[in-house]
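Thanks for coming, everyone. I'll keep this short. Please have the sequence and the model open while I talk.

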Amino acid sequence: MLDIPLSVLAAQVFTGLVLGMIFVLLAIGLSLIFGLMTVVNFAHGSFYMLGAYFGFFLLGFTKSFWAALFLAPLMVGCLGLLIERFLIRRLYGRSPDDPLLLTFGLSLILIETVRLVWGKIGLTLSPPPLLAKAVNLGFMVFPTYRLFVLGATIVVLIGLWLFLERTNVGLIIRAGSRDALMVRALGIDLGRIWLLVFGIGSALAGLAGILAGPMRGVYAEMGVNVVIESFVVVVVGGMGSLVGAIVAGVLLGQVVGLTTFFAPKLTEISIFVVMAVVLLVRPSGLFGETGLME
Amino acid sequence: MATSLIRGVTGWINAHPLMSFVVFFSVFPLWLPSTALATQILIFGLFALGFNLLYGYTGILSFGHAAYYGLGAYGTGIALAKLGLGSIWLGLACGLAAALVGGVIIGFFCLRRRGIYFAMLTLAFAQLLYFIGFHLADLTGGDDGLRGIPQLRVGLPGFSVSIESSFAFYYFSFVLVALAVAGLTRILGSPFGAILRAIRENSERAAACGYDISRAKLLSFVFSAMFTGLAGSLDALRLTVVPIESLYWTTSGQVVIMTLLGGAGTFLGPFVGAAAFLALEYRLSLITESWPLVIGVIFSAFVLFLPKGIWGTLTGGRHGHQSA
C-alpha cells in the first residue's frame, strides 16, 4: 500500500464529505423539482451561482455573514418563484423538453447579467472570523468553516425531511410526485404546490452556492459544471428519491475527494465513470423505481 | 396577398429542399460581403442539420452534440496534424469514424433512459469528453487547442485543387455539405425516416406497430453524430485549429439555439437558424461584449412565443417535438 499518514487520509475523506454535502443540497432541489413537475431546471447551476453572488453583495451591505447566509437563499428562492410563476408555467402541457430549453436560455441570461454587474473576474467570499480558523479533532486538524458546512447541511436536511414527512404540504408534495392526476382529482390546487417546490429547490441551490463560495471561489461560470454534477448525483441516486440524492451525493463527494488526492487528473472524469457504471448495472439509479417519471 | 405569396414561395422551397439548397448556397458568397461568414453559416448549418435529425425528426433532445462535433474536428485534426496523413479525404474519413464510434458508444448509454434524462445524459457524456480532451494534451493540445492542421490540396481522380483561398474553401465545403443534404433527404424520405417521425409523434404507438424503436433511435443518433462530425471536420480544416471549446457545453448549446431559432423539424430551418445566429453574433459582438445576453433573451422568447422558429413560422410548419 501507499504510505499515507492516517490523518491526511482522514482530512481527505472529510473534505470529500463536505463537498458531498454541497452535492446533496443541489441534487435534492433538482430532484424535488423534477419529481413533482418533470422539469429539469437547467438554471439550477445559475441559482447556485446567484446564491454566492447575492451572499457577497449582502455581506458587503449588512457586514454580517449570518444575515447573508440567511437572506441570500431567500432572495434566490424568490427569484425562483417569479421564474416559475411567470415563465415556466406557460410551458406546462407542452413538450417536457421545453422547460429545459427555456431554463437553458435563462441560465445564459443570468450568467451574462452577473458578468455585467460584478465583472468578469471572480470574487472572494470570506467565511466569518468565528469560522476562519481550524480545529484539532484529535486525529486531524480541520478548517472550522468546513465543519460548519457539514453541520448546517445536516440541520437543513433534517428540517426538509420533517417538512416532507410530517406536514400536510409535505404529504401533498409526496403524493403529487407519485400521481399528480389523482391529487388533482381530490381537489388540490397543485399549481401552488409547484410554485412552492420550485421556490424551495431554488433556495436550496442558493444555499449551496453561498456555502460553497468560501471553499470553491465565486465566479460567473461556477454553476455550469455544478448543474451537470448535481444531475449526475440525481442519476446515480435515482430521480425523485431523496434518500438516493443523499447517498449518491455523499458517495460522489468521496469519489471526487479521493481521486483529487490519488489521481488529480482524473478528478473531473471520475463522477462520469461512476454514472456510466450505474447506468449499465441499474439504469434507474441506486434508489430509483423503474419506469417512474420518465 | 403577401402572405399567400410567401406561403407559395416557401411551399415550393420545402417541396424541393435539395434544389433550393444548391441554388441558394451556390451563389451565396457572391452577394454576402464576407466569404468567411458564408462558410461558417454553411458548416454550422450542417451541424444544426445533424442535430435536427435527432431533435426535430426523431423527437429526442440531445444537449451534448459538442461531443460529435469535437470528435469530428479532433479526428480530422489529429490525423492530418499529428499522424501526418497525406490526404484530405483520409483526414475527413478519420473525423467521420471518430464521430461514428462516439455516437455508437454514447448513444448506447444514453438511450437507456428517455426524455429529459436523455438530454442531461448526453450533456454529461459530452462534458466527459471535454475533460478527456483537456487532459490528453499530448494528442489534443489541451487548453491551447490543436494547432497546425494543413489545408492539403484536394485530390480528385486525375487532378488536385487547392483550398487555401477562402473562396475555394467555401466551394469545397459547399460540395460536401450538399452531398450531406442529399443524403439526409434520402434518409428522411425512406421508410426508416417515416419510422423516425412515428417515434417523434408517439413512440409507444410506433413500438406497438411492431417497429424496433430502440434500433431506430440508435441509428438516428449515429446518423446525427456523423452529420455533426462532418461539420466538425470541415470546421477544423477551415480554422486550421481545433479549440478545446469545440467539445465544451457552449458548443452543444449553440446548435440547440440555432436549430430552435431556425425551426426544429423543418428541413432548411437549421440553415436559417445558423445564418440568424451567426449574423446576430457578428453584429452584436461589434457593439457589446454581453452579446450572449441578447442571444439568451431572444432564444428564451422563441421558446416561449415562437416555438416553431423562423422557418417553421414562415412555412406554417409544426413544432418539431410534441410527444412526451
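Let me start with a question. Which residues in helix 8 of chain B meet which residues in helix 11 of chain B? Remember, please, that this is a predicted model.

Here is the answer. On the helix 8 side of chain B, we have B:Phe169, B:Ser173, B:Leu176, B:Ala180, B:Leu184 and B:Ile187. On the helix 11 side, they meet B:Phe223, B:Phe227, B:Leu230, B:Leu234 and B:Arg238. By type, this contact divides into nine nonpolar residues, one polar and one charged.

Now the geometry. Two packed helices are described by the angle between their axes and the distance between the axes. Helix 8 of chain B covers residues 166-189, and its axis comes within 11 Å of the axis of helix 11 of chain B. The two cross at roughly 180°. Over 145 degrees counts as roughly antiparallel, so helix 8 of chain B is roughly antiparallel to helix 11 of chain B.

Let's step back to chain B as a whole. Its secondary structure comes to 15 helices and two strands. The C-alpha trace spans about 50 × 45 × 45 Å along the principal axes of chain B. Now take the contacts in chain B with a separation of 6 or more. Residues 24 or more positions apart account for 75% of them.

Find B:Gly210 in the loop between helix 10 (203-208) and helix 11 (213-239) of chain B. B:Gly210 is exposed, because it has 7 other C-beta atoms within 10 Å, and the cut-off for exposed is 12 or fewer.

Next, the interface. How many residues of chain B are in contact with chain A? There are 34, and they touch 32 residues of chain A. Three elements of chain B give two or more residues to that side: helix 6 (115-135), helix 12 (249-262) and helix 14 (291-305). Helix 6 of chain B gives the most, with 12 residues. The chain B side divides into 22 nonpolar residues, nine polar and three charged.

In soluble globular proteins, nonpolar side chains tend to be buried together. Here the largest nonpolar core has 196 residues. Among the members that touch the most others are A:Leu26, A:Val232, B:Met120 and B:Ala124. Helix 1 (residues 6-37) of chain A supplies the largest share, 16 residues. Look at B:Met120. Setting aside neighbours within four places in sequence, B:Met120 is in contact with A:Val40, A:Phe231 and B:Phe63.

Last, two backbone spots in chain A. A:Thr38 sits in the loop between helix 1 and helix 2 (44-62) of chain A. Its phi is near 45°, positive in a residue other than glycine. A:Thr38 counts as partly exposed, with 19 C-beta neighbours inside 10 Å. A:Lys63 is in the loop between helix 2 and helix 3 (65-86) of chain A. Phi of A:Lys63 is near 60°, again positive in a residue other than glycine. Buried or exposed, then, for A:Lys63? Exposed, with 9 C-beta neighbours inside 10 Å.

That's my tour. Over to you for discussion.

Terms used: Residues are numbered from 1 along each chain as its sequence is written. Chains are lettered from A and ligands numbered from 1 in the order in which they are written. This is a predicted model: local features need pLDDT of at least 70, side-chain atom pairs count only at pLDDT 80 or more; totals for chains, interfaces and linings use all residues. Two residues are in contact if their C-beta atoms, placed from the backbone, lie within 7 Å. Helices (H or I, at least four residues) and strands (E, at least two) are DSSP runs, numbered from the N terminus. Ala, Val, Leu, Ile, Met, Phe, Trp, Tyr, Cys and Pro count as nonpolar, Asp, Glu, Lys and Arg as charged, and the others, Gly among them, as polar. A residue is buried if 20 or more other C-beta atoms lie within 10 Å of its own, exposed if 12 or fewer, and partly exposed in between; C-beta atoms are placed from the backbone. Axes are lines fitted to C-alpha atoms, for helices over the stretch in contact, and angles run from 0 to 180 degrees between N-to-C directions. Angles under 35 degrees count as roughly parallel, over 145 as roughly antiparallel, 65 to 115 as roughly perpendicular and the rest as oblique. A nonpolar core is a set of buried Ala, Val, Leu, Ile, Met, Phe, Trp, Tyr and Cys residues joined through C-beta atoms within 7 Å.
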